[in-house]
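Look over the sequence and fold before reading on.

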Amino acid sequence: MSPVGIFGGTFDPIHFGHLRTAFELLHALRLAEVRLVPAGNPPHRGIPLCDARHRLDMVRAAVADQPGLVVDDREVRREGPSYTVLTLRELRDEAPGRPICLLLGMDAFLGLPQWHEWRSVFDLAHVVVAHRPGWTAPDTGTLGELLAARGTQRVEDLHQSVAGRIHVRPVTQLEISSTDLRDLIVAGQDPRYLLPDAVRALIRDTGCYHPRATR
Ligand code: ATP
């Protein structure tokens with residue numbers, strides 16, 4: 001069974017940095033699919049500017065024409081903080097024998113020790129870390145030790161066991177962040193060519209980043 005990739009995020013809004021990473025990892029790791037999982041209530045940050053329904057709609061629009069990239073809305077439907085470990089447990093129960101690859105940017109990986117029940121992640125999934133501009137892999141401390149103990153450069157290792165390995169993978173570097181995009185949109189500038197046209201149209205039509213928007 002090929003692994004399924006899980007790519008969580010606030011996606012406030014989704015952009016080409018997310019999408020290119022998901023697309024490249026889908027092929028490079030020979031994943032069955034990559035599920036994009038928008039967080040309903042992201043626990044480690046402030047309240048998203050755009051509400052969960054609109055963020056979900058943007059993710060759906062972004063991947064609508066791409067086989068292999070699918071949207072999983074369970075964290076938006078679930079009450080309470082969107083802890084990744086809860087999502088991974090549900091997925092593990094649904095498919096006990098299937099490898100799961102949790103896909104993270106390097107910035108997200110460096111924040112992993114702050115996550116709820118973070119050590120359990122390795123019982124449930126492999127962790128695949130995509131290089132992100134401006135960030136380097138740790139070689140000391142808790143994460144450095146974890147990388148030394150669990151790291152692998154072999155894609156086969158992600159297929160041959162269901163969880164527990166760490167794979168660091170270079171992807172095309174696109175220096176785009178949702179924070180910069182929000183600032184740009186709120187300032188009245190056009191986000192064109194930083195995110196899909198379908199997402200740009202939704203932002204324009206819903207006014208979801210307009211300070212006085214009626215949601
Ligand atoms: P914000 O600026 O609001 O923090 P973000 O652009 O980092 O948002 P998130 O939704 O928080 O986006 O990120 C979801 C996942 O996507 C994380 O694992 C993050 O590391 C990764 N990611 C975000 N932007 C990029 C990018 N440009 N290239 C590769 N990975 C990215």
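Which helices do the buried residues of α9 pack against? They pack against α1 (16–28) and α10 (197–206), with contact meaning heavy atoms within 4.5 Å. This is a predicted model, where local features need pLDDT of at least 70, side-chain atom pairs count only at pLDDT 80 or more, and totals for chains, interfaces and linings use all residues. Residues are numbered from 1 along each chain as its sequence is written, and side-chain values use heavy atoms, with hydrogens and water left out.

**Terms**
- Helices (H or I, at least four residues) and strands (E, at least two) are DSSP runs, numbered from the N terminus.
- Buried means under 20% relative accessible area (1.4 Å probe, protein chains only).

**Helix α9**
- α9 spans residues 178–186, and its buried residues are S178, L181, R182, L184 and I185.
- Seen down the α9 axis, these fall within an arc of 165 degrees, so they line one face of the helix; the arc is taken from the directions from the helix axis to the C-beta atoms.

**Strand β5**
- β5 covers residues 126–130, and five of its five residues are buried.
- H126, V128 and A130 point one way, V127 and V129 the other.
- In a regular strand, side chains alternate between the two faces of the sheet.

**Strand pairing**
- Strands pair if DSSP finds at least two bridges between them.
- β4 (residues 100–105) runs parallel to β5, joined by five bridges; L103 has V128 as its bridge partner.
- β6 (residues 166–169) also runs parallel to β5, through four bridges.
- In β6, H167 stands opposite V128.

Terms used. Buried means under 20% relative accessible area, exposed over 50%, partly exposed in between (1.4 Å probe, protein chains only).
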